[in-house]
Amino acid sequence: MRSDVIKKGFERAPHRSLLKATGVTDADMGKPFVAVCNAFVEIIPGHVHLNKVGEYVKKCVREAGGVPFEFNTIGVDDGIAMGHRGMLYSLPSREIIADSVETMVRAHCFDGMICIPNCDKIIPGMLMAAMRCNIPTIFVSGGPMKAGKAMDGRTIDLISVFEGVAAHQLGKISDAELKDLEDHGCPTCGSCAGMFTANSMNCLCEALGMSLPGSGSVLAVDPRRNDIYRAASFRLMELIRRDIKPRDIATRDAFDNALALDMAMGGSTNTILHTLAVAHEAGVSFDLARIDAISRKTPTLCKVSPSSQYHLEDVDRAGGITAILSELLQVPGLMKPDSITVTGKTLAENVAGITTKDPAVIRPLADAYSKEGGLAILYGNLAPEGGVVKTAGVDPKMLVFTGPAVIFESQDEACEGILGGKVKAGDFVVIRYEGPRGGPGMQEMLAPTSYIMGEGLGDKVAMVTDGRFSGGTRGATIGHVSPEAASGGPIALVRKGDRIRLDIPARKLDLLVPETELAERRAKWKLPPKEQPTGCLGKYAAMATSASTGAVLKW
């Protein structure tokens, strides 16, 4: 066992003495040491219950024959960090989490690991660490939140509250109506109820093969989650016995499967960023061109909030991720059915005999929303290295759009400008200097997109940024534009009134300015003066790569 390094031999007597101070017995020394990597923090609703989950998982690991050691990671709640300086720390926290998990695992020579994430950057951070450490590992999320109910009976969620802010600003809803949304938008613990980043990544874990069926869709408050926690604990012991490791599972074929699911569900655009980062840590060659190729041959079978009225509880009721994967396996040449998973079975074996229980929620192939996936990669002279759009959330009449640029040099400026009436129907909003280095930290911009939707401009205005969007964002919003403005990318050269053309079917995003004019602007461009970040933001800004490569760190 890997843990023998710290517990066998006469020279390890001091190590055993320290272990015994934690409660380890002589009998335990012959058992696998299991890291229970828990993301419990009390300020994130998706994580507030994970202390109890961790206790239950440890109990199950002991029953399965292992010795559990729990440790915790940090976590940033993107919703609470949204719209102020706190959001700068969200994406960098992914790297901190990956580093901290790697540090714990490698310093203490664990034999295996159970990861208990749930929200936003915690999932990819743990996945990145799992690929680095490459010891037998299984993921089991804390589960999604229930959707809320407004007083008038409408089904609502967190995005309803964000959009309610803009509606309130315009006088469309009263103080009492906004308070109703606030009070009922997030009714339980769990990751926010729609197909936002957290749930997108938890669902991708199933398709990647790193978690058990149901881990991504069974509600946090559903008693069935205990069955998943228990099964995962026992399953890890088998992975340790057979020495099946993350890199054995997360192959290029497995990443293809995960991205196909992502496209079929119209997941968060953040999944592109995180999948590239996880693949990088797994040593798997993966790029935006491959992702778009998968999108072009993947039908959209399931739309979840913010792209529809459905939520994760509806997906689970309709058969969960296994039902979607079962449909996708029928598309010739799309999926890699023989990919191994943590169940010990192949992907095809995991979903055998599963069909959708509600064809309105999970559509069969013959009734797909579209023949192509719910995410697309765009290129053009405004995004030479690519940009990402969630096509599943775009109004059909906005798939092709041209408009004059209305420019904001930061998210804060954009929020103030949108609420202040500076954006009109027909405009193409540009928010720049919010990329990985320029932000730094590539802020998530749910606030400005929600304000546009709340003002009734969702089918009349497009937006482009070198920052990123929440999984709750909808509309013709293009993020991750690379190279970013702080690196002198073309988005830095846009001037007020320049016309920008979006053509999603053709995968194009172009600034309609002659190349000679752009060359002149490029020669004169200088990085605007800005207070230099310090601390972890300073380190991130110095080492972050382009969004087109996952915004990972290189030095």
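**Entry 1: two crossing helices**

Axes are lines fitted to C-alpha atoms, for helices over the stretch in contact, and angles run from 0 to 180 degrees between N-to-C directions. Helices (H or I, at least four residues) and strands (E, at least two) are DSSP runs, numbered from the N terminus.

My bookkeeping: this is a predicted model, where local features need pLDDT of at least 70 and side-chain atom pairs count only at pLDDT 80 or more, while totals for chains, interfaces and linings use all residues. Residues are numbered from 1 along each chain as its sequence is written, and side-chain values use heavy atoms, with hydrogens and water left out.

I looked up helix α12 (residues 252–265) and helix α16 (residues 320–328), whose axes come within 10 Å and cross at roughly 100°. The two are therefore roughly perpendicular to each other. Which residues make the contact? On the α12 side I found A260, L261, A264 and M265, and on the α16 side I321, I324, L325 and L328; contact means heavy atoms within 4.5 Å. I sorted the residues of this contact into eight nonpolar, no polar and no charged. For that sorting, Ala, Val, Leu, Ile, Met, Phe, Trp, Tyr, Cys and Pro count as nonpolar, Asp, Glu, Lys and Arg as charged, and the others, Gly among them, as polar.

**Entry 2: helix α5**

I checked the span of α5 (residues 90–108): its 19 residues reach 27 Å from first C-alpha to last, close to the 27 Å expected at 1.5 Å a residue. The expected span is 1.5 Å times one less than the number of residues. Its buried residues include L91, I97, A98, V101 and V105, and also R94 and E95. Here buried means under 20% relative accessible area, exposed over 50%, and partly exposed in between (1.4 Å probe, protein chains only).

**Entry 3: the four-stranded sheet**

I traced an open sheet with strand order β2-β1-β3-β4 and parallel pairing; two strands pair if DSSP finds at least two bridges between them. Which strands are at the edges? They are β2 (67–72) and β4 (137–139), each pairing on one side only. Neighbouring strands are turned by 20° against each other on average, direction ignored. β3 (residues 112–116) is joined to β4 by three bridges, and M113 has T137 as its bridge partner in β4.

Helix α3 (residues 50–64) packs on this sheet and touches β1 (33–38), β2 and β3. Its direction makes about 160° with that of β2. I then looked at G65, which lies in the loop between α3 and β2. G65 is partly exposed, at 28% relative accessible area. Leaving out residues up to four places away in sequence, G65 touches K31, P32 and M237.

**Entry 4: C205**

Is C205 buried or exposed? I found C205 in helix α9 (residues 197–208), and its 3% relative accessibility makes it buried. Beyond residues up to four places away in sequence, C205 touches I123, L127, F139, M210 and S211. C205 and A348 are 143 residues apart in sequence, and their C-alpha atoms are 15 Å apart.

**Entry 5: later strands**

In a regular strand the side chains alternate between the two faces of the sheet. I looked for this in β10 (residues 428–431): F428 and V430 on one side and V429 and I431 on the other are all buried, covering both faces. β10 pairs in the parallel sense with β9 (residues 400–408) over four bridges, and F408 has I431 as its partner. β10 also pairs in the parallel sense with β11 (residues 462–465), again over four bridges, and V430 stands opposite V464 there.

β7 (residues 376–380) pairs with β8 in the antiparallel sense over four bridges, and a hairpin joins the two through two residues. L378 has G387 as its bridge partner in β8. β8 also pairs with β12 (residues 477–482) in the antiparallel sense over three bridges, where V389 stands opposite I478.

Methods. Parallel < 35°, antiparallel > 145°, perpendicular 65-115°, else oblique.
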